[in-house]
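Subject: Structure handover

Hello,

Here is the structure I said I would pass on. My notes on it follow below.

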Amino acid sequence: MMSLKVSLSMFMTLFGLICIINETNGLDNGLGRTPPMGWNSWNRFNCTIDENLIKQTADALVDYGLRDIGYKYLNIDDCWMGERDEQGYIHASNITFPGGIIALADYTHSKGLLFGIYSDAGYRTCAGRIGSLGFEDVDAITYASWGIDYLKYDNCYNESIPERQRYEIMRDMLNATKRPIFYSICEWGVSQPFLWANEVGNSWRTTGDIHLGWESILDILQQQHKITQYAGPGGWNDPDMLQVGNGNLTIDEQKSHFSLWAALKAPLLLGFDIRYPPTDVLGIVNNTEIIAINQDPLGKSVNIAQSTKRMDVWTGELSDGYVALLFNKAETSITINLNFTAHLNVQGELSIRDLWEHEDKGAYNDSYSREVPKHGIVVLKLTGGTKIKEYPDFIDQYSDAALSEFVIKYGVFVLLLIVIVFQYYIRYFCK
Ligand code: GLA
């Protein structure tokens with residue numbers, strides 16, 4: 001018979017394993033209690049960036065009032081780097097950023113903004129510049145000494161080292177600097193970051209790159225509904241930066257893109273040339289009622305409550321009510337009905353406000369219908385009513401993500417338990 005000592009030691013091993021599985025150092029910067037808002041250079045400018053563009057963008061963020069409604073981060077993406085020196089310290093390109101990054105960060109800070117930078121958890125960035133793999137310690141120290149407030153960390157040239165491992169190294173190095181630096185994980189959703197990145201970064205990309213076109217927006221959107229539960233204060237799903245203002249999209253399409261990203265609690269990072277903002281585009285990105293949905297302190301993402309080929313109804317809870325998005329994917333205008341019980345889990349009378357028309361629509365019982373233009377959206381804030389049950393539980397959309405999370409966390413534990421039970425079974429019943 002298996003001795004008590006052996007059983008005990010197996011139990012201890014098991015217990016130890018559970019502890020290892022659950023042990024994390026955790027992200028330790030207190031940032032991102034609501035999704036970050038700001039501007040990033042990539043979607044509009046790719047590699048054609050320099051210090052004048054960044055300074056002028058800082059000015060524009062202030063002059064057009066964008067800073068004051070929340071767009072605080074000014075982030076340079078790929079292509080700012082020059083070479084490493086003999087000690088391994090990275091320097092900005094002396095052709096495009098001759099004044100150096102410290103001066104630029106100082107300028108940005110003097111405008112009441114925060115300053116972000118980009119690097120890559122590989123030996124090169126996606127545009128082929130120098131990456132941080134193997135230099136995480138010096139790079140984190142450098143960023144902190146430059147006054148960096150935000151790091152977007154990409155995933156090219158990664159030597160096939162597992163994502164989590166590489167992203168955790170940089171997290172630990174950033175933690176060690178003691179400077180709070182928003183840590184934006186950009187591994188394109190390849191290793192299900194929503195299952196682990198909450199302990200590593202403040203946001204994680206959920207898909208590949210957004211492109212300038214309606215199809216790309218729909219494609220990214222339809223990958224979001226299974227993971228909405230993972231967004232919350234301190235760690236956000238990131239369906240990539242906004243393409244609002246970059247052409248190629250109608251005004252209705254841009255409103256839909258902006259509203260859906262805001263309600264999914266995505267980082268709201270503008271990506272157009274804000275030095276010369278078209279008035280209709282400014283009218284979209286400065287809608288403070290939509291921004292308030294994104295920045296709601298409850299930090300819960302909307303969820304898909306109904307989806308057909310032609311339309312989606314997305315709904316969610318706010319700290320002071322509910323939000324519903326009636327989204328028309330069809331090629332003609334259609335009428336979309338919001339059913340309070342089926343879509344919101346709420347019964348009774350609800351007061352409704354339209355967040356694009358900036359108008360109170362009155363109080364309704366049971367349901368509310370609206371005509372929505374082609375590729376357009378109606379965003380409603382609803383207050384009142386009584387919650388029928390805990391929200392949301394009307395759609396079984398999480399089962400596969402939840403299952404893989406369970407397997408990753410407890411698979412070893414379950415396996416060992418089976419082995420032990422099997423051993424006892426053999427010993428006592430198969431003599
Ligand atoms: C990757 C990222 C993009 C951008 C580019 C820069 O493709 O996903 O967001 O940062 O690299 O090279």
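Helices (H or I, at least four residues) and strands (E, at least two) are DSSP runs, numbered from the N terminus. On that basis the protein has twelve helices and 18 strands. This is a predicted model, in which local features need pLDDT of at least 70 and side-chain atom pairs count only at pLDDT 80 or more, while totals for chains, interfaces and linings use all residues. Residues are numbered from 1 along each chain as its sequence is written, and side-chain values use heavy atoms, with hydrogens and water left out.

Overall figures

Of the 431 residues in the protein, 51% are buried (under 20% relative accessible area; exposed is over 50% and partly exposed is in between, with a 1.4 Å probe and protein chains only). The protein exposes about 18,900 Å², and carbon and sulfur atoms supply 55% of that area (Shrake-Rupley method, 1.4 Å probe; for residues, only the protein chains shown count as cover). Taking contacts (heavy atoms within 4.5 Å) with a separation of 6 or more, 72% are between residues 24 or more positions apart.

The ligand

Which residues are around the ligand? They are W42, D77, D78, Y118, C126, A127, K152, D154, C186, W188, R205 and D209, where a residue counts as near if one of its heavy atoms lies within 4 Å of the molecule. Polar contacts here are pairs of N or O atoms within 3.5 Å; within protein, one must be able to donate a hydrogen and the other to accept it, and residues adjacent in sequence count only if both atoms are side-chain atoms. Taken alone the ligand exposes 310 Å², of which the protein buries 93%.

Salt bridges

Side chains of opposite charge can pair when their charged atoms come close. With a salt bridge taken as a side-chain nitrogen of Lys or Arg within 4 Å of a carboxyl oxygen of Asp or Glu, the count comes to 23. One of them joins D77 and K152, at 2.7 Å from N to O. This pair links distant parts of the chain, 75 residues apart: D77 is in the loop between β2 (73-75) and β3 (81-84), and K152 is in strand β6 (residues 150-154). Both D77 and K152 are buried.

E289 and R353 also form a salt bridge, again at 2.7 Å from N to O. E289 lies in helix α10 (residues 288-294) and R353 in strand β15 (residues 346-354), so this pair ties together parts that are 64 residues apart in sequence. R353 is partly exposed, at 24% relative accessible area.

A further salt bridge joins R166 to E163, with the closest N and O atoms 3.2 Å apart. These two are three residues apart in helix α6 (residues 163-177), so about one helical turn separates them. R166 counts as buried at 1% relative accessibility, and E163 counts as buried at 14%. There is also a network of salt bridges that links D354, E357, E359, K361 and R370.

D120

D120 is in strand β5 (residues 114-120). It is buried yet has no salt bridge, and the nearest side chain of opposite charge, R166, is 5.7 Å away (Lys and Arg count as positive, Asp and Glu as negative; His and the chain ends are not counted). What does the side chain of D120 reach instead? It has a polar atom 3.4 Å from the backbone nitrogen of N155, and it reaches the backbone nitrogen of C156 at 2.9 Å.

Six of the eight residues of helix α7 (residues 214-221) are buried, so the helix is largely enclosed by the rest of the structure. The buried residues are W214, S216, I217, L218, I220 and L221. Their cover includes α8 (251-263), β12 (311-318) and β13 (321-328).

N339

N339 is found in strand β14 (residues 334-339) and is partly exposed, with a relative accessible area of 27%. Its side chain reaches the backbone nitrogen of T341 at 3.0 Å, and a polar atom of that side chain lies 2.9 Å from the backbone nitrogen of A342. Not counting residues up to four places away in sequence, N339 touches L344, D366 and S367. N339 and S369 are 30 residues apart in sequence, with their C-alpha atoms 8.6 Å apart in space.

Regards
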